Amino acid sequence: VGRAAPLLAPLPLVTAACPGVVCFLEKTAPGALPHLSSAKSPMAAAAALLRQGINAGTPPPDGVVYVSACADKKLEAARPDLAEDAEAGLVPDVDLVLTAVELVEGLGAAALRAAADACAP
């Protein structure tokens, strides 16, 4: 059985998939930032995998849309550290974040338009 690599971050280690926690630490406790885990959130990891092509030879998608219950994911997606450099043009890994409410409202509006179009003479 091999030994685990030594932990490089100072303890205690703070981990959070919530971008609100990261923003809170950046604004109110910058001294705690060295304790913040460098692991990507599930949204960021999934988007990066999609952008890079999960399998070798898989073309990247035209766009990545993430649906979340939390509006803070919009702030996370806009962070420059969640973008590919692309010759300093900074291509975001996530193109659009919708809250679940926005998705339902959008689908509802589209369904109403489709029904109205179907009833039109």
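Just after helix α2, glycine 53 adopts a positive phi of about 85°. The model is predicted, with local features requiring pLDDT of at least 70 and side-chain atom pairs counted only at pLDDT 80 or more, whereas totals for chains, interfaces and linings use all residues. Residues are numbered from 1 along each chain as its sequence is written, and side-chain values use heavy atoms, without hydrogens and water.

Helix α2 covers residues 42-52; helices (H or I, at least four residues) and strands (E, at least two) are DSSP runs numbered from the N terminus. Its buried residues are Met43, Ala44, Ala47, Ala48 and Arg51, where buried means under 20% relative accessible area, exposed over 50% and partly exposed in between (1.4 Å probe, protein chains only). Viewed down the axis of α2, these residues fall within an arc of 125°, so they line one face of the helix; the arc is that of the directions from the helix axis to the C-beta atoms. The buried residues of α2 pack against β1, α3 (72-77), β2 (83-84), β3 (91-92) and β4, contact being heavy atoms within 4.5 Å.

Valine 64 touches Ala47, Leu50, Arg51, Asp93, Val94, Asp95 and Leu96, with residues up to four places away in sequence not counted.

Threonine 99 lies in strand β4 (residues 96-99) and is buried, with a relative accessible area of 13%. Apart from neighbours within four places in sequence, threonine 99 is in contact with Val67, Ser68, Cys70, Ala71 and Lys74. Valine 65 is placed in strand β1.
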